[in-house]
Protein chains: 4
Amino acid sequence: MRKGELFVLYDIQSDKWREECGIFGIFASQENVALATYWGLYALQHRGQESAGIAVTDGTVMDVQRGMGLVNEVFRNGLPDMPAHIAIGHVRYSTTGSSLLRNTQPLLVNYSGGQISLAHNGNLTNAHEIREKLEQRGSVFQTSIDSEVIVNLIARSSQATIEEKVIDSLAGVHGAYCLVIMTETKLIGVRDPHGFRPLCIGRLGEGWVLASESCALDAVGAEFVRDVDPGEMVIISKDGVTSRRFAESDRRAGCIFEYIYFARPDSVIDGQSVYQARFNMGRTLARESGFKADIVISVPDSGTTAALGYSHESGIPFAEGLMKNRYIGRTFIQPEQKKRDMGVRIKLNAVASVVKGKSVIMVDDSIVRGTTSGKIVRMLKDAGAKTVHMCVSSPPIGFPCYYGIDTSARKELIAATKKVEEIRQFIGADSLHYLSLEGLHASICNIPEKTLCNACFNCEYPAPTPCERDCASNKFVFEPGRN
Amino acid sequence: MRKGELFVLYDIQSDKWREECGIFGIFASQENVALATYWGLYALQHRGQESAGIAVTDGTVMDVQRGMGLVNEVFRNGLPDMPAHIAIGHVRYSTTGSSLLRNTQPLLVNYSGGQISLAHNGNLTNAHEIREKLEQRGSVFQTSIDSEVIVNLIARSSQATIEEKVIDSLAGVHGAYCLVIMTETKLIGVRDPHGFRPLCIGRLGEGWVLASESCALDAVGAEFVRDVDPGEMVIISKDGVTSRRFAESDRRAGCIFEYIYFARPDSVIDGQSVYQARFNMGRTLARESGFKADIVISVPDSGTTAALGYSHESGIPFAEGLMKNRYIGRTFIQPEQKKRDMGVRIKLNAVASVVKGKSVIMVDDSIVRGTTSGKIVRMLKDAGAKTVHMCVSSPPIGFPCYYGIDTSARKELIAATKKVEEIRQFIGADSLHYLSLEGLHASICNIPEKTLCNACFNCEYPAPTPCERDCASNKFVFEPGRN
Amino acid sequence: MRKGELFVLYDIQSDKWREECGIFGIFASQENVALATYWGLYALQHRGQESAGIAVTDGTVMDVQRGMGLVNEVFRNGLPDMPAHIAIGHVRYSTTGSSLLRNTQPLLVNYSGGQISLAHNGNLTNAHEIREKLEQRGSVFQTSIDSEVIVNLIARSSQATIEEKVIDSLAGVHGAYCLVIMTETKLIGVRDPHGFRPLCIGRLGEGWVLASESCALDAVGAEFVRDVDPGEMVIISKDGVTSRRFAESDRRAGCIFEYIYFARPDSVIDGQSVYQARFNMGRTLARESGFKADIVISVPDSGTTAALGYSHESGIPFAEGLMKNRYIGRTFIQPEQKKRDMGVRIKLNAVASVVKGKSVIMVDDSIVRGTTSGKIVRMLKDAGAKTVHMCVSSPPIGFPCYYGIDTSARKELIAATKKVEEIRQFIGADSLHYLSLEGLHASICNIPEKTLCNACFNCEYPAPTPCERDCASNKFVFEPGRN
Amino acid sequence: MRKGELFVLYDIQSDKWREECGIFGIFASQENVALATYWGLYALQHRGQESAGIAVTDGTVMDVQRGMGLVNEVFRNGLPDMPAHIAIGHVRYSTTGSSLLRNTQPLLVNYSGGQISLAHNGNLTNAHEIREKLEQRGSVFQTSIDSEVIVNLIARSSQATIEEKVIDSLAGVHGAYCLVIMTETKLIGVRDPHGFRPLCIGRLGEGWVLASESCALDAVGAEFVRDVDPGEMVIISKDGVTSRRFAESDRRAGCIFEYIYFARPDSVIDGQSVYQARFNMGRTLARESGFKADIVISVPDSGTTAALGYSHESGIPFAEGLMKNRYIGRTFIQPEQKKRDMGVRIKLNAVASVVKGKSVIMVDDSIVRGTTSGKIVRMLKDAGAKTVHMCVSSPPIGFPCYYGIDTSARKELIAATKKVEEIRQFIGADSLHYLSLEGLHASICNIPEKTLCNACFNCEYPAPTPCERDCASNKFVFEPGRN
């Protein structure tokens with residue numbers, strides 16, 4: 001086997017949508033802020049595995065360290081090496097094409113007001129237009145990340161203070177953005193008016209922490225204070241925390257997929273425990289599907305909480321019918337398809353003693369392309385499962401996301417081109433039930449239905465998208481870039 | 001933070017006993033045997049994470065590639081690059097002191113009979129004595145691994161065939177050994193007369209596979225045929241498989257800890273499904289302890305199957321009260337103790353929405369030093385758990401293992417110096433119940449009690465150990481080397 | 001010896017001034033332009049060893065690959081991987097402080113006119129002021145390199161064509177700059193009006209090459225065509241080469257140190273063979289010094305050509321009295337001063353059989369701090385040399401350079417604070433002679449004296465410098481930054 | 001350009017014979033012996049560039065660190081980390097086939113007498129036979145290096161002391177060997193009875209040093225004491241140095257190529273300055289050839305000393321007609337032959353201003369395959385040289401070496417199949433003169449002719465070789481292995 005012949009094996013998560021980023025910020029003069037950011041990013045690693053970065057300041061000088069890879073790989077040789085009282089960090093997932101070293105965050109620049117560092121989670125839907133306008137006015141761009149757009153807007157703002165500059169710069173920006181911004185003396189957190197992506201505030205001793213998810217607060221021992229509101233900017237300095245509302249929105253639109261798959265179950269987002277939401281999805285699934293079987297199993301790990309809910313509601317015992325290899329990292333195999341199938345056998349294995357001779361309800365969180373689901377069903381049957389009823393704790397995904405999720409091209413979404421019965425046949429399950437959109441909303445019981453974004457299910461985009469679409473006809477004629 | 005100040009963080013498993021090795025062998029002219037071994041080692045990665053190696057032969061020449069790290073790290077740049085029809089592989093965990101590059105396996109040597117490659121799982125209790133005798137006869141040793149002892153014995157055997165040489169060499173060897181041995185034309189599997197460590201045979205097309213656990217057969221698509229018997233040697237050549245009994249034992253002594261913790265739940269060892277055994281342990285625990293509570297949770301991932309059994313037997317719902325970070329690799333932190341505690345917060349986090357205000361039964365597989373258990377109990381209470389009843393799916397561990405497990409020094413075994421009530425106080429649980437030895441044996445229902453080794457629980461060592469002991473007084477006066 | 005205790009050993013060249021950069025560009029549709037740039041940078045490696053980069057374009061897309069280290073280290077895993085017909089490259093030396101990954105060149109940006117890539121050799125003396133002005137107008141800066149200043153000026157130019165934009169942007173720029181600029185369809189070379197740094201044009205088949213030195217043309221098999229004139233811009237496109245004069249200068253000021261030390265002897269710069277210039281310096285030294293001795297030796301490698309000239313003029317035989325270790329790379333030692341002395345013994349060794357009992361004339365090109373010279377003199381005496389007469393093929397260096405050379409702080413220049421006789425005593429030589437400025441100019445016989453910059457010798461800076469000075473009193477009161 | 005397409009470029013030295021090893025040892029309780037060995041190996045780096053290793057002992061424990069690459073690469077992360085008073089080191093060059101990690105030296109083993117570490121320079125001509133005999137007696141071999149043979153012989157010796165064991169083990173060994181051997185308390189140096197390879201002793205403060213060449217003594221500041229005699233063993237312990245003659249030889253046979261090419265000019269071997277020998281070779285060449293020309297140039301760096309001697313004797317001025325790139329490390333290019341030619345342009349460049357219009361005498365030390373010589377001649381002519389007379393400071397090489405030199409296969413030796421006039425035509429020189437064997441011996445004036453090995457020139461092998469040959473007919477029918 002020659003070097004050139006080794007290929008990266010797409011892992012089982014490759015058949016999932018991917019969160020694009022996680023962000024973290026800390027202002028704490030009593031703490032090792034670089035180290036706290038390191039641990040915070042660790043806790044947010046599930047939101048991005050392709051690059052990581054940490055920027056710090058001591059009040060005068062800033063430094064940043066960035067690289068490709070997991071958090072522990074990027075900082076293998078140490079963290080930014082200077083005393084500091086503010087730090088921000090970023091983890092990023094991105095498609096192969098743009099996963100370049102120069103696209104890593106946080107960005108760190110000099111501008112007329114001094115130094116500024118910025119990390120961004122989300123996707124600006126009019127980044128291209130703004131970028132063009134800025135270029136017309138003489139800006140140059142060294143990366144393809146939205147953070148560079150925002151930082152140029154800030155640098156060009158004629159407002160006097162950094163807070164005003166940020167607000168000024170966001171006035172013309174559309175789409176999804178949670179930002180952590182660091183100046184020499186301030187840590188600023190911003191959440192877009194729709195509140196697409198999550199951002200919360202925690203207290204750590206005398207200091208303050210910002211993080212995409214509350215699990216990162218737990219990781220550093222910070223106490224959860226509250227979520228940042230959509231359209232809110234929080235400014236943390238040595239004088240404490242102040243808050244400003246910089247924009248109003250007629251439509252809150254928190255990403256519903258955070259509850260289905262992206263966020264960690266131990267996080268609480270906008271007042272809703274992710275764990276409880278998923279558990280409820282399972283319960284609802286049980287009521288909706290009415291499937292009967294010997295056991296309920298999950299596709300680990302993301303399907304497990306819903307499967308437990310299903311078991312609880314239905315009374316059918318939960319069992320571990322599929323075992324996941326805990327050591328799957330970046331594996332290399334030869335590119336032939338045959339070997340890819342073997343790849344799945346490596347990551348997941350059916351527990352024959354559990355499923356043999358049994359009728360099985362298998363719960364997974366979502367189906368994207370459907371190829372992996374088909375392999376898992378076959379694996380269960382090979383291990384002796386009599387019947388496999390598949391339950392999905394989300395509705396069929398028919399539409400791409402423009403707000404910070406790395407979605408597959410629409411033509412690859414199996415639910416965009418196939419009906420449920422066709423999908424069932426494709427994956428070889430004996431039955432297939434998708435959670436209804438109503439059932440999904442009922443499960444996320446702490447959040448009003450109208451304040452969530454369901455566009456990937458029903459094409460009702462809450463904010464402008466970068467391209468034309470015809471939802472009535474359900475025909476997408478666009479798909480610019482990766483969409 | 002300077003380079004020199006970064007330390008490896010012992011992960012949560014550091015408070016577990018560690019399997020020392022996994023072995024794999026394949027004879028198959030139609031397959032890419034190096035690649036199959038790679039996947040096989042992947043499936044056995046839980047048995048050893050510090051080094052890996054693969055040796056191959058094409059019938060004339062042998063090559064080996066070995067290195068420190070996980071399987072995907074060691075073979076990042078490719079597998080042994082030659083056509084081959086036999087391959088053997090090895091993964092190894094070892095204590096820091098001896099985890100040197102030159103101690104990696106498989107060993108590959110030239111001797112009077114040609115070339116031979118060998119990988120070993122287990123621990124020879126008289127290796128030191130044999131090594132001294134061999135040195136007296138002029139042998140030199142370049143490593144500190146037992147494989148080098150065995151290969152020297154083989155090389156010195158006056159027997160005619162490789163099979164006879166191997167049998168001859170094992171005649172004076174005591175302790176635990178499963179071996180895969182490769183010559184230019186044969187693949188040989190050996191299991192010691194006590195059968196301490198597991199070894200099984202699988203069929204892959206026209207070829208044959210040997211592996212420590214059946215999950216590795218599944219990984220490469222091989223069909224499980226049977227376990228190798230204690231005292232059996234299987235010889236695989238182009239003429240098929242033959243078997244020889246090379247030794248009798250008055251005492252089968254399969255390692256009971258394989259069922260408790262080491263093996264993967266999807267493996268079947270000596271006819272006993274590991275999953276079912278663990279599930280039964282949980283059920284028995286429920287009956288024995290009689291604890292009542294709102295929920296049953298597990299310390300993921302190894303405690304989960306027993307927790308499900310507990311839930312099933314008791315009717316108390318199972319929930320995911322602790323969430324594990326799936327991206328914990330080799331992390332680096334500053335060495336202060338304070339930071340170690342933070343380490344645990346990174347690897348595990350309590351799910352407050354699950355445990356808040358609840359009485360909780362927490363199931364774990366074993367307690368070694370007890371330090372991690374204490375931290376987890378505190379974490380649950382900090383998250384709002386009203387009471388925490390800890391259930392352990394094994395008896396107290398009081399004695400070290402001499403048969404291939406990397407055990408802590410006896411003085412570090414909390415059960416060697418503290419009574420159960422003292423341990424409960426130490427870890428801060430409201431109740432503590434250990435599975436009884438009888439209950440444990442009842443749970444491993446397919447295996448006769450007398451054919452398992454329980455020495456770590458009751459000091460009844462089934463084979464000579466390398467040192468003096470006084471079980472009656474329960475006072476260990478020895479502890480040579482790491483024990 | 002712990003990791004943290006290892007320090008980089010400054011090599012013998014650390015007591016030399018360092019050229020800061022080498023640049024290379026190629027427009028050739030029949031060639032592998034990335035590979036040619038790779039070889040070109042190899043030939044220019046003496047001009048910068050800390051980072052390297054290559055940017056390429058196929059007429060539509062641009063890509064760049066940059067990294068820290070030598071050319072063969074940066075491109076160890078391959079060159080930019082796309083078909084291309086234009087490429088530019090850069091090697092850089094820089095002081096430790098600013099040798100960051102993000103300061104590597106070429107820069108590659110998007111601006112209103114498309115993409116542009118740029119590499120720069122030299123130093124803008126008013127970069128700071130321009131940077132501030134640009135920041136006032138809304139620019140942000142991600143690096144500390146002058147290229148980013150220039151590219152922002154280009155992006156802001158209101159001129160229509162790239163040529164006009166470049167000319168427009170250079171109008172307000174002072175100092176030293178040779179540039180290679182790449183657009184999707186053009187390769188542009190620019191040399192500042194003073195012509196501080198060298199740049200030449202070569203022909204390679206149907207294509208064209210730009211390089212800092214002619215030795216890089218030889219390396220890729222290109223034929224030398226001519227030097228780029230000071231104040232000239234050459235534009236290479238599919239239509240061939242055109243030339244524009246964008247600025248006039250009342251003062252040509254080619255760097256005299258290129259002939260003394262920086263450039264490779266096999267290069268020809270502005271019509272003057274570097275080898276012949278150095279040979280002449282040696283001859284002039286012989287006439288000026290009038291030293292008599294048994295042998296002439298050189299401090300290899302840079303002093304050798306002048307030593308041969310000395311030998312030729314004086315009739316005193318040349319011998320290799322000092323041997324250089326050819327394998328000195330990046331060495332690591334403990335930081336104590338004692339070990340530093342050992343360092344010199346590693347890089348250079350006296351040949352006792354050559355110098356024992358002899359009176360020796362030792363020729364070196366320059367003295368910066370004098371510490372290394374002192375060690376070499378002592379080494380020769382230890383090896384038995386009777387007397388050591390040191391001859392330096394340049395005048396005393398008393399003033400820092402602002403035009404692209406990494407000079408020591410003025411206080412470290414031994415000639416800034418000590419007279420020749422004091423220096424002789426400091427280095428322990430029996431005699432010491434510096435080449436006179438007149439003798440130096442006479443040696444560079446093909447170049448009119450008035451067209452060279454001698455500021456480091458006589459403080460007559462031909463262009464504005466970034467700070468106040470009082471040459472009359474020879475008191476420097478400034479030393480901003482490293483100067 | 002894909003990874004797989006990059007090939008290592010053989011450098012100019014690839015057309016030279018290669019020394020296979022350099023060894024170093026130190027016994028000094030007042031020194032950092034690991035660091036001293038590091039510097040010593042640096043000074044011996046020209047004797048081997050493919051692997052390096054250092055072993056140390058503190059009197060009780062031994063440790064070794066070995067790796068592939070240059071000394072500074074192998075020890076990039078530090079030296080063996082323990083206090084120590086004895087150390088030995090090794091650098092190795094070897095053909096691609098056997099340059100494996102497991103073949104690196106020093107070897108470190110446990111045997112009946114404790115621990116022993118050993119490094120070897122040379123080649124045992126009966127290693128294969130001894131290896132077979134040892135295997136018959138039960139030894140196993142994990143490497144293909146001769147050191148492993150010797151250490152097995154030592155381990156099997158029935159003698160009482162380590163000194164006697166070593167002597168015993170060498171009794172049956174043929175060929176070339178210089179050894180440094182380390183026990184917990186002693187440093188032993190051994191030179192074979194023919195004295196093929198060099199070994200010398202130095203004094204460093206209260207301690208002692210052994211090294212292949214005296215330049216390594218200079219490097220660590222040790223004073224040269226004397227060469228180890230052929231057939232002598234020196235034993236260094238806390239009681240000082242003792243010496244034993246363990247074998248007599250009827251034929252001293254120091255390698256003549258050490259003086260021609262291998263050793264560094266600043267070394268003195270067996271009383272002969274390498275520099276003076278090479279200078280004399282040049283003088284003799286001048287007398288023998290009688291060539292007249294405008295200038296004498298050398299192929300740097302190895303041809304320079306002889307070229308200076310030629311210039312001195314003939315009165316024709318020496319000039320630097322070829323410039324060598326000082327930064328050539330491990331370069332990567334595409335494998336096509338065209339690119340290889342480019343490779344030579346990278347490593348060497350003609351100085352047109354020196355050679356243009358001139359008749360040139362070019363001095364090189366040897367011609368192996370002749371391909372590089374031909375390219376250099378063409379390069380000089382392309383640069384304008386009128387005529388090129390090539391002078392070689394050694395006789396034609398017609399026979400392979402069996403005593404520790406990595407020679408080309410005989411069929412690749414141009415002088416084995418072509419006459420001088422044919423070679424001249426092949427390389428395109430106007431004249432070609434090889435130094436006569438008599439002239440060579442006359443140049444090495446301090447060494448009696450009969451005590452040198454000339455086998456590569458005249459097929460008179462002073463010791464048994466591993467294969468049949470017919471010198472009378474000058475027909476080699478063997479070439480086992482690489483020969």
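**Entry 1: ground rules.** For my notes, two strands pair if DSSP finds at least two bridges between them. Helices (H or I, at least four residues) and strands (E, at least two) are DSSP runs, numbered from the N terminus. I am reading a predicted model, where local features need pLDDT of at least 70 and side-chain atom pairs count only at pLDDT 80 or more, while totals for chains, interfaces and linings use all residues. Residues count from 1 along each chain as its sequence is written, and chains are lettered from A and ligands numbered from 1 in the order in which they are written.

**Entry 2: a sheet in chain C.** I looked up an open sheet of four strands in chain C and found parallel pairing in the order S19-S23-S24-S26. Which strands stand at the edges? They are S19 (295-298) and S26 (431-434) of chain C; each has a single partner strand, so one side of each has no neighbour in the sheet. Direction ignored, neighbouring strands here are turned by 20 degrees against each other on average. (Axes are lines fitted to C-alpha atoms, for helices over the stretch in contact, and angles run from 0 to 180 degrees between N-to-C directions.)

I then followed S24 (residues 387-392) of chain C, which runs parallel to S26(C) and is joined to S26(C) by four bridges. C:His389 has C:Ser431 as its bridge partner in S26(C). Helix H8 (residues 274-289) of chain C packs on the sheet, touching S23 (359-364), S24 and S26 of chain C, and its direction makes about 125 degrees with that of S26(C). Here, residues are in contact if their C-beta atoms, placed from the backbone, lie within 7 Å. Helix H12 (residues 371-382) of chain C lies across S23 and S24 of chain C, at about 150 degrees to S24(C).

**Entry 3: a hairpin.** Next I checked S11 (residues 200-204) of chain C, which pairs antiparallel with S12 (residues 207-211) of chain C over five bridges. C:Gly202 has C:Val209 as its bridge partner in S12(C). Two residues sit between the strands of this hairpin, and C:Gly205 takes a positive phi near 60 degrees. S11(C) is also joined by four bridges to S13 (residues 223-227) of chain C, again antiparallel.

Entry 4: I noted a cis peptide bond from B:Pro300 to B:Asp301, with omega near -5 degrees. B:Asp301 is in the loop between strand S19 (295-298) and helix H9 (304-314) of chain B. Another cis bond runs from C:Gln105 to C:Pro106, with omega near 0 degrees.

C:Asp270 is not a glycine, yet its phi is positive, near 50 degrees. Is C:Asp270 buried or exposed? It counts as buried, because it has 22 C-beta neighbours inside 10 Å. (Buried needs 20 or more other C-beta atoms within 10 Å, exposed 12 or fewer, and partly exposed is in between; C-beta atoms are placed from the backbone.) C:Cys459 also has a positive phi, about 65 degrees, but C:Cys459 is partly exposed, with 16 other C-beta atoms within 10 Å.

**Entry 5: the core.** Last, I looked at nonpolar cores (sets of buried Ala, Val, Leu, Ile, Met, Phe, Trp, Tyr and Cys residues joined through C-beta atoms within 7 Å). The largest has 325 residues, and A:Leu380 and B:Leu380 have the most contacts inside it. A second, separate core of 324 residues includes A:Val140 and C:Leu308.

Methods:
Contact = placed C-beta atoms within 7 Å.
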